[in-house]
Amino acid sequence: MRHNNKSLIVLPAALLAAAAVTPAQAATLDDVKSSGEFTCGVSTGLTGFSSPDENGKWTGIDVEVCRAVAAAVLGDPEKVVFSPLTAKERFTALQSGEVDVLSRNTTWTATRDNSLGLNFTGVNFYDGQGFLVRKDLGVKSATELDGASVCVQSGTTTELNLADYFKSHDMQFQQVAFDTSDQSAQGFDSGRCDVLTSDSSQLAALRLQLADPEGVVILPERISKEPLGPVVRQGDDQWFNIVKWSLFAMLDAEELGVTSENVDEMRDNPPNPDVARLLGKDGNFGEQMGISNDWAYNIVKMVGNYGEVFERTVGMDSPMELERGINALWTEGGIQYAPPVR
């Protein structure tokens, strides 16, 4: 049927725009509510970020982001299917709809944000690339690595940063590439290379897998900015907002002193309007996203605030024993900062 062009002209532009995007925006949320679960793309196994424990349960700071989304949308943090993906597979899996969220220690860059049809929803861990070497190599600085062989995971920003760093310092290197981070660590451990490079947090995790963890050291230089965070497909603003605000809710909860232990008391007797809004006692912030108004309460109750999640996955209560550093809240000298729920 041919449309009458004149009839289209009289419709307000905003109405046309809404009609064009509304079906796409609701697609993922509708599918998740209908199936009662969603799929989260994670790593093939990286301690502290996403790895299965001895019982096969996935744990880590990236895993907790998806559990928070499940708590917000479905009221149950266990309603997530975790799909392990290599660095090469991850973006295709998200683009194709194989996974609904990618939460896999993935760096936010311009190319990834602008040319892959994807949206980064925030940063759950600020990191930087570093170098790990054996102590008996006698190297104290990355500037001493001229001529070194370097193990690196392929299909990552790590490869690009590595080439940039050596070129800018007029040094030569031999790249030894692997498909997974575990393989790169095994290559280093077996003597395939002099140096292992990755995000510094990843090096701290991979160090635990080595035959002699005490015989290696992470050099002091950080040669890049690596803002790591969850990713969704473009064209689905509602799902984008839900994943984004699930992360923000954990950050806001920590800043407001709301924890998994006191969240019931905080909800019943909010100490201030900010807490009342966050926990659904005031406003309709959940309904604005198409979910229940107790979405943030469910996240904190079932998963915890950002500080709780950090400490048990990568922080001092975990085998990683990482300091908060720049991942501390902005009120504590770090750069973690979330918009307010209001």
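**Notes on a predicted model**

1. Both C40 and C66 are buried. These cysteines are joined by a disulfide, with an S to S distance of 2.1 Å. The model is a predicted one, and the distances and angles in this note are to be read accordingly.

2. C151 lies in strand 9 (residues 148-153), whereas C193 lies in the loop between helix 7 (181-189) and strand 11 (195-199), so the bond ties together parts that are 42 residues apart in sequence.

3. Are C151 and C193 buried or exposed? The cut-off for buried is under 20% relative accessible area. C151 has 0% relative accessibility and therefore counts as buried; C193, at 2%, counts as buried as well.

4. The disulfide count comes to 2. With the bonded cysteines of the chain numbered in sequence order, the pairing reads 1-2, 3-4.

5. The UniProt record, in an unreviewed entry, lists residues 37-266 as "domain: Solute-binding protein family 3/N-terminal". In the model, this stretch is 34% helix and 23% strand, and its end C-alpha atoms are 29 Å apart.

6. How do helix 3 and helix 9 (residues 237-255) pack? Their axes come within 9 Å and cross at roughly 110 degrees, which makes helix 3 roughly perpendicular to helix 9. From helix 3, V65, A68, V69, A72 and V73 meet W239, I242, V243, S246 and M250 of helix 9. By class, this contact has 9 nonpolar residues, 1 polar residue and no charged residues.

7. Helix 9 also packs with helix 13 (residues 306-313): the two axes come within 7 Å and cross at roughly 100 degrees. The residues in contact are M250, L251 and E254 on helix 9, and Y306, G307 and V309 on helix 13. Sorted by class, they are 4 nonpolar, 1 polar and 1 charged. M250 of helix 9 takes part here and also in the contact with helix 3.

8. Helix 12 (residues 295-302) has 6 of its 8 residues buried, and it is therefore largely enclosed by the rest of the structure. The buried residues are W295, A296, Y297, N298, I299 and V300. They pack against helix 3, helix 9, helix 10 (263-268) and helix 11 (273-278). Just after helix 12, G304 adopts a positive phi of about 115 degrees.

Technical notes. Residues are numbered from 1 along each chain as its sequence is written. This is a predicted model: local features need pLDDT of at least 70, side-chain atom pairs count only at pLDDT 80 or more; totals for chains, interfaces and linings use all residues. Side-chain values use heavy atoms; hydrogens and water are left out. Axes are lines fitted to C-alpha atoms, for helices over the stretch in contact, and angles run from 0 to 180 degrees between N-to-C directions. Helices (H or I, at least four residues) and strands (E, at least two) are DSSP runs, numbered from the N terminus. Contact means heavy atoms within 4.5 Å. Ala, Val, Leu, Ile, Met, Phe, Trp, Tyr, Cys and Pro count as nonpolar, Asp, Glu, Lys and Arg as charged, and the others, Gly among them, as polar. UniProt positions are given in the numbering used here, feature names are shortened, and annotations may be inferred rather than shown by experiment. A disulfide is a pair of cysteine sulfur atoms within 2.5 Å. Buried means under 20% relative accessible area, exposed over 50%, partly exposed in between (1.4 Å probe, protein chains only). Angles under 35 degrees count as roughly parallel, over 145 as roughly antiparallel, 65 to 115 as roughly perpendicular and the rest as oblique.
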